[in-house]
Each structure stands twice: as structure tokens, then as C-alpha cells.
Amino acid sequence: MIESISFKNVLSFRDEVELSFEADDETATGAHVAIMPNGMRLLRLGIVLGANASGKSNLLKAIDRLRSFWFREPKNMDSRTPIEPFLLDRDTPNLPSEYSIKFWTKGIRYWYQLSVTSNRVISEKLSYYKTTQPIFLFDRQLEGDQSVLRFNPKVQSVSAEEQKALSLYCLPNMSFFAARGKVNTSLEYIDDARDWMRDSIMPLITPKTSLLQNGHHMLAENAEFKEHLLSFLYEADFNITGLISHVEERAIPESIRRSIMEDDEAPEELKQRILERHTMPSRSLGFQHTVENERGRETYELTSEQQSDGTRRTMGIEAAVYEAAKGNAFLCVDEMEASLHPDLLEYIIQQFMLQEGEGQLLFTTHYDPLLKTIDDLIRKDNVWFVEKQPSGSSDLYALIEFKGLNKMSAVSMMNAYRNGRFGALPEIKG
């Protein structure tokens, strides 16, 4: 689980901001929190409100670009990293972007730190905790144009040959974890952290993300998920009584075939399949609708293209949220309410909270009536705001930073937000 993540000089965030999932209440229990081995209570839900162009999306993009950076293999030393600095300033484009993330996996607390420019990693460090003080596992510094790696011999035994190989593959514009995959060695604690980074942070979902393909795969492979989704669709009153996964072989267009074969990063097994068969399996999903008319009850099957945008997005969002909850993963969703009825948004949150575990959901929204559900569906410490400063930089702050909240009802809290008490509102000039 993520305990906290902070960064500065990233996208629209010039100054350092920190998003902490540590619960404000030291006695908090229930599905809203997961309790770590040291007693720390971590929130499973984060909600970010703010005006258009305030930086809400950039908050999630900053996290997603770090995820992408960890395992991205650049084509050469001149390739750019996916990390972009704050550009509305004379100095920041020439300064490194910095990240710090504390997380838990397998009962161990880790601390990862990164300083990176658009084309070079300045420093990278991973530590873990046995007590309250961090113990470094590896440290990486840029000296000249070469990355120098250092490991903690008291924790991790790395031979001179293994360290040389890791240093050789660790290009200045890539993460240590991308290079680590090229060397056949065992790095116990480091590999546990790497596996969490790779498997437990899901790709960012935006309003433009195509979601059904992943849902198709899960329906075909996971009977429990299919049962869950049908129950969800029934409860949400979509009039969908069945889901049928179809798989057929389709010829690969020559242009796509050539593009894959010439792509250095395409998996070799995919290229081999194309050479042997010239086809690829294509999945489609059929939606069964049961209706009642003068002939009685009848069932018809419609394609996914014949469903509404709201139906497709709701299914895709619920599939991703289910995957995060069951897999104890971290999921970011931008503009969660897009194409969703407000009642469905609240229902999806409720379903996620019913799945106890270490899964975490962080989403942005313009739907401020969620504030009316505080102390019922959500908690005060679940809510964050992003506001654009006169400098063009985004600022991030928590609802619990404001005084007097305990004296306010949930409805008055929403009205206080709309009246500008918490900021993070558009300024309409007229």
C-alpha cells in the first residue's frame, strides 16, 4: 500500500506537495483503513476536488509517469524520460524533478527517492525499515555521464560481476528497476519492492481510456468476476441479464503487421505468432437483455458497440475497481464521474469499500455532493483539493487542514466548499 507520495517540479506542481494516506484518526477501523504491522492506519480511498485546469489531472499523471518510468527501456541514451518539469518558470525547466514515495509490501515498509531530469537520472535510492530509521538497500548517483550503483553489503550480497552488469545496463536515462530485469541475480528486498511497483500500481484511467478490452479478458478468465459484474449490473438497473465472451481469429492488416515486426520493443512471442499464423485472437462481448412484451419474456444479445457510453464506462470502471480491490493494488481514475450517474458513482465507491483489503482508489471529480456523504460513505481525511496559484503552479491540500470541521454537518461542509471556504473553485469573471 502507498503510505505517502510527494513530488516537486513535476508538470504543474512547482513546489513540493505530499499526498498522505495515513488516517487522521489513530483509532480508525473498518473497511476504510488497512492496519500495517507497526499499527499505522492507511486509507484505502482518496478523493480530489478542484476547478478545471487546477492540476487535478496532473496529480494523477505525475504518479502514472513515475510508474511508467520505473520499467521503461529507452531505445538509446538520447531518449527522453517521461518526467516533465514545471514549465511556467524561468528556472524550473533546468532543475531536476523529485519524487519520494513510502509504501508497504509483504509487511515491510519501503522508501523510494528519485531525482530526474527530462533525460538523466541524477539520483535514485531505495531504503527499507526495520525500526523507525531507514536502511538503504541501493543508492545510485550520476557521476559525469555514468550511473554509479552502490549496494548495502549488510543487507544485500551483490558480487562484483553482478554489480558491473547492473551498472552496464543502467543507462543514465532509465530507472534501476528497468536495468535490474536484464541481470539474472537475486536481490531479495529490492525484488519485493520491484514486484510491488510492477504489479500493484495500475495504469491511470482517464475519460478517454478504452476500458472494455480488459473487462473482456477478466470475464473470460475469472468466473467470480463475471458473477460479481452481473450482480453489479443488476443492482445498478442496467437491464443486462447475461454476458457472453466471444473469441475469433482475425487476419492482421498488413500495415499493423509490419509495424509490430519493426517494433524493437514488441514481444518476441507476438512476432513469432504473426510469422506463423498471420492472425490474432479478437475478443468481443455480447450483452444479453431480457425484456417483457406481449409475447412474454424474451432475451436478445447486443454488441458492446450497441451499448451506451455510460454502460461501457461503468463496466470498465467497475472491472478496474474490482481488480484493484481483489489484487490489493493502487488505482487512479481521472474524472471518475464522467458518463456516470451520480448514484452510480456513489454505488461504485460503496462496492469498493465493501471489498476489505489493501486495495487503494484515488480519483478526481467535480461532483462535490460527495461531501454530503462524509461520515456515511466517505471520511473527512479522504478529501483533498487542488488549486491553481497566480504563479501557474498547482497546490495540493487536505480537507482536514481546516479548523472547525467537527462542528459542521456534511451538507454545510458541501455548502462551505461551494461558497469558497476551502478554495479550489473556478473564478468566473463577468
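Predicted model: local features only at pLDDT ≥ 70, side-chain atom pairs only at ≥ 80, totals over all residues.
**Exercise 1. Classify the ring pair Tyr112 and Phe177, and state which parts of the chain the pair ties together.**

Step 1. A pair of aromatic rings is described by the distance of the centres and the angle of the planes.
Step 2. For Tyr112 and Phe177, the ring centres are 6.0 Å apart and the planes stand at 50°, so the pair is tilted.
Step 3. Tyr112 belongs to strand β7 (residues 108-116) and Phe177 to helix α3 (residues 176-180), so the pair ties together parts 65 residues apart in sequence.
Step 4. Tyr112 has a relative accessible area of 0% and is buried; Phe177, at 2%, also counts as buried.
Step 5. Tyr112 and Phe177 belong to one aromatic cluster, together with Trp70, Phe138, Phe151 and Phe176.

**Exercise 2. Check the length of helix α6 (residues 223-235) and find how its buried residues are arranged.**

Step 1. The expected span is 1.5 Å times one less than the number of residues. For the 13 residues of α6 this gives 18 Å, and the end C-alpha atoms are 18 Å apart, which agrees.
Step 2. The buried residues in α6 are Phe225, His228, Leu229, Phe232 and Leu233.
Step 3. Viewed down the axis of α6, these residues fall within an arc of 130°, so they line one face of the helix. An α-helix has 3.6 residues a turn, so residues three or four places apart point the same way.
Step 4. The face turned away from the buried side of α6 carries the exposed residues Ala223, Glu227, Tyr234 and Glu235.
Step 5. At the start of α6, a side-chain oxygen of Asn222 comes within 3.0 Å of the backbone nitrogen of Glu224. After α6 comes Asp237, with a positive phi near 60°.

**Exercise 3. Is Ser4 buried or exposed, and which residues is Ser4 in contact with?**

Step 1. Ser4 sits in strand β1 (residues 2-8).
Step 2. Buried means under 20% relative accessible area; at 7%, Ser4 counts as buried.
Step 3. Setting aside neighbours within four places in sequence, Ser4 is in contact with Glu18, Leu19, Ser20, Ser100, Ile101 and Lys102.

Definitions and conventions: Residues numbered from 1 in each chain as written. Heavy atoms only, no water. Helix = DSSP H or I, 4+ residues; strand = E, 2+ residues; numbered from the N terminus. Buried < 20%, exposed > 50% of the residue type's maximum accessible area, 1.4 Å probe, protein only. Contact = heavy atoms within 4.5 Å. Phe/Tyr/Trp six-rings, centres within 6.5 Å; stacked < 30°, edge-to-face > 60°. Arc of directions from axis to C-beta. Polar contact = N/O pair within 3.5 Å; in protein donor to acceptor, adjacent residues only side chain to side chain.
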